Amino acid sequence: MPTHYADHAWHGPVTVEENVTLARDTYRIRLACPEIARRVLPGQFLMLRLPGESDPLLGRPLALYDVVAGPGGQPHSIDLVYLAVGKMTRLLTAVGVGATLEAWGPLGNGFPLTPTKHLLMLAGGIGQTPFLALARAYLGLQRYGDPPRQVVPAEQVSLCYGVRSGDLLAGVEEFRRLGVSVHLSTEDGSLGYRGLVTDLIAPVVRQSAGACRIVCCGPERMMQAAAEIARQLGVPCQVSLESPMACGIGICFSCVKKIRDGSGHWDYRRTCVEGPVFEAADVEFY
Ligand SMILES: Cc1cc2nc3c(=O)[nH]c(=O)nc-3n(C[C@H](O)[C@H](O)[C@H](O)COP(=O)(O)OP(=O)(O)OC[C@H]3O[C@@H](n4cnc5c(N)ncnc54)[C@H](O)[C@@H]3O)c2cc1C
Ligand code: FES
């Protein structure tokens with residue numbers, strides 16, 4: 001049975017170690033949970049719930065941002081980065097150090113760690129969150145999972161990251177410090193290229209003469225556009241879907257998406273257990 005199946009997930013209380021502002025409406029929360037930190041892979045996610053709350057009653061999915069080592073050097077804590085958009089994420093902004101939350105994880109399949117010369121990570125809005133750990137894995141700086149997975153290092157790791165306005169950019173310096181080549185865009189022109197982040201794909205892919213793999217996370221329209229550009233450029237592309245989820249463990253089917261199989265037919269797949277990462281060419285976006 002694949003290790004990402006939800007019945008392998010750990011469920012329990014986690015202690016908040018930090019909850020700090022990174023950018024406008026954007027926060028990084030650090031949770032002590034060695035059981036998840038030890039096993040989680042880039043692209044997997046947690047369901048996080050506020051205990052004692054009946055509104056919202058259900059947990060919410062948040063992607064792994066990074067794993068933090070404890071004093072003994074072993075994986076100890078999990079960093080998540082969240083945009084305060086609705087009920088749970090707004091309440092989360094007021095949660096203090098020492099508070100207890102409820103978590104399930106690790107969940108989902110995560111990114112395939114296929115060798116590539118150039119990994120291009122394409123993020124829209126809060127879609128950059130799954131990419132810090134992925135970049136560290138592909139730069140040979142960190143091994144994730146139990147047993148730890150070895151990734152053939154990429155020669156180049158790039159991040160194309162677009163937001164509506166510059167004050168929403170979160171974690172850019174962390175990516176740069178790793179050695180990631182960062183290309184920014186804003187819709188209002190306040191920072192970087194003025195326009196859509198998908199406009200940045202083709203020039204960056206051409207830097208490596210097409211020997212590139214794209215991974216993409218963000219609004220569905222952006223991922224759909226990226227899938228089409230990748231098809232035209234002839235480079236592989238995977239997307240990490242952000243479908244709303246009620247259970248996160250494969251029971252409720254609230255997260256289904258139409259996914260094509262090899263024969264051209266489609267079927268509904270659950271983003272929480274069969275995703276969130278899918279081949280871009282297989283996704284029926286609308
Ligand atoms: C696999 C996966 C990984 C994810 N990773 C991250 C991550 O790392 N970081 C992150 O920030 N997000 C992430 N998300 C998205 C995140 O799960 C959602 O933003 C979160 O569930 C929102 O929960 P909430 O209770 O705050 O919002 P909710 O209250 O559930 O609202 C959800 C959305 O609906 C809108 N909304 C709410 N009420 C109304 C209303 N009355 N009318 C109109 N619109 C309304 C809100 O503005 C919001 O955009 C991920 C999603 C998935 C599936
Ligand atoms: S969220 Fe319940 S099946 Fe996916």
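This is a predicted model: local features need pLDDT of at least 70, side-chain atom pairs count only at pLDDT 80 or more; totals for chains, interfaces and linings use all residues.
Residues are numbered from 1 along each chain as its sequence is written, and chains are lettered from A and ligands numbered from 1 in the order in which they are written. Local features need pLDDT of at least 70 and side-chain atom pairs count only at pLDDT 80 or more, while totals for chains, interfaces and linings use all residues.

Student: How many residues surround ligand 1?

Tutor: A residue belongs here if its C-beta atom, placed from the backbone, lies within 6 Å of the molecule. The closest are Arg60, Gly86, Met88, Thr89 and Thr129. β4 (60–63), β6 (75–83) and α2 (87–92) each give two or more residues; helices (H or I, at least four residues) and strands (E, at least two) are DSSP runs, numbered from the N terminus. The number of residues around ligand 1 is 21.

Student: Which domains give at least three residues each to the shell around ligand 1?

Tutor: The domain bounds come from an automatic or database domain assignment. The shell draws at least three residues from each of domain 1 (6–107) and domain 2 (118–282).

Student: Why is β6 described as largely enclosed by the rest of the structure?

Tutor: Buried means that 20 or more other C-beta atoms lie within 10 Å of a residue's own, exposed means 12 or fewer, and partly exposed is in between, with C-beta atoms placed from the backbone. β6 is largely enclosed because the buried residues in it number 7 of 9.

Student: Which residue of β6 is the bridge partner of Ile29?

Tutor: Strands pair if DSSP finds at least two bridges between them. β2 (residues 26–32) and β6 run antiparallel and are joined by 7 bridges. In β6, the partner of Ile29 is Leu80.

Student: Which residue in the turn between β5 and β6 has a positive phi?

Tutor: β5 (residues 66–69) runs antiparallel to β6, with 4 bridges, and Asp66 stands opposite Asp79. The two strands form a hairpin with 5 residues between them. The phi of about 85 degrees belongs to Gly73.

Student: What angle does α3 make with β8?

Tutor: β8 (residues 118–124) lies in an open sheet of 7 strands with mixed pairing, ordered β11-β10-β9-β8-β12-β13-β16. Helix α3 (residues 131–138) packs on this sheet, touching β8, β9 (156–163) and β12; contact means C-beta atoms, placed from the backbone, within 7 Å. Axes are lines fitted to C-alpha atoms, for helices over the stretch in contact, and angles run from 0 to 180 degrees between N-to-C directions. The angle with β8 is about 175 degrees.

Conventions. Two residues are in contact if their C-beta atoms, placed from the backbone, lie within 7 Å.
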